Amino acid sequence: MLNSKRVFRNSVDMAKEVACSVCSFRVRADTDDELVAHFKQHAHEAHKNEPSREQVLAMAKTVQIATA
């Protein structure tokens with residue numbers, strides 16, 4: 001009798017993430033534009049801060065996201 005094994009492969013996607021240094025807010029996005037827009041909205045609404053695009057991207061880290 002043959003042993004049959006099911007093989008499940010998870011793919012891994014890459015995204016960027018920025019964490020707010022003032023509170024616990026984090027945002028992940030697939031594109032720089034999306035990341036910057038969401039983080040700038042948070043910074044403005046929660047902290048009355050206006051970071052530049054360059055500042056947001058400098059804080060960004062690349063993260064792996066496992067998908068089934």
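**Group meeting: a walk through a predicted model**

Hi everyone, let me start with a pair of side chains: those of E17 and R28 are joined by a polar contact of 2.6 Å. Before going further, please keep in mind that this is a predicted model.

Where does E17 lie? E17 is part of strand β1, which covers residues 11-19. Is E17 buried or exposed? Its relative accessibility is 13%, and buried means under 20%, so E17 counts as buried. If we skip residues up to four places away in sequence, E17 touches R26, V27, R28, L35, M59, A60, K61 and V63.

Let's step back to the whole chain for a moment. There are two helices and three strands, and along the sequence they follow the pattern β-β-α-α-β. The chain has 68 residues, of which 21% count as buried. Now take the contacts between residues at least 6 apart in sequence: 43% of these join residues at least 24 apart.

Next stop, helix α1, residues 32-47. With 16 residues at 1.5 Å a residue, α1 should span 22 Å, and its end C-alpha atoms are 21 Å apart, which agrees. Which residues of α1 are buried? They are L35, V36, F39, H42 and A43. A quick reminder about helices: an α-helix has 3.6 residues a turn, so residues three or four places apart point the same way. On the other side of α1 we find D33 and E45, which are exposed.

Now for the core. The largest nonpolar core has nine residues in all: V18, C20, V27, A29, L35, V36, F39, A43 and V56. Of the elements, α1 gives the most, with four residues. Leaving out neighbours within four places in sequence, V27 is in contact with K16, E17, V18, L35, H38 and F39. E17, our opening residue, is on that list.

How many aromatic pairs does the structure hold? It holds one. A pair of aromatic rings is described by the distance of the centres and the angle of the planes. For F25 and F39 the centres are 6.4 Å apart and the planes are at 45°, a tilted pair. This pair links distant parts of the chain, with F25 in the loop between β1 and β2 and F39 in helix α1, 14 residues apart. As for accessibility, F25 has a relative accessible area of 27%, so F25 is partly exposed. F39 has a relative accessible area of 5%, so F39 is buried.

Last, let's look at what comes after the helix. α1 is followed by K48, which is found in the loop between α1 and α2 (53-59). K48 is not a glycine, yet its phi is positive, about 55°. For background, most residues other than glycine have a negative phi. Is K48 buried or exposed? Its relative accessibility is 68%, and exposed means over 50%, so K48 counts as exposed.

That's the tour, and I'm happy to go back to any of these residues with you. Thanks, everyone!

Technical notes: Residues are numbered from 1 along each chain as its sequence is written. This is a predicted model: local features need pLDDT of at least 70, side-chain atom pairs count only at pLDDT 80 or more; totals for chains, interfaces and linings use all residues. Side-chain values use heavy atoms; hydrogens and water are left out. Buried means under 20% relative accessible area, exposed over 50%, partly exposed in between (1.4 Å probe, protein chains only). A polar contact is a pair of N or O atoms within 3.5 Å; within protein, one must be able to donate a hydrogen and the other to accept it, and residues adjacent in sequence count only if both atoms are side-chain atoms. Contact means heavy atoms within 4.5 Å. The expected span of a helix is 1.5 Å times one less than its number of residues. A nonpolar core is a set of buried Ala, Val, Leu, Ile, Met, Phe, Trp, Tyr and Cys residues joined through side-chain atoms within 4.5 Å. Rings of Phe, Tyr and Trp (its six-membered ring) pair if their centres lie within 6.5 Å; planes under 30 degrees apart count as stacked, over 60 as edge-to-face and the rest as tilted.
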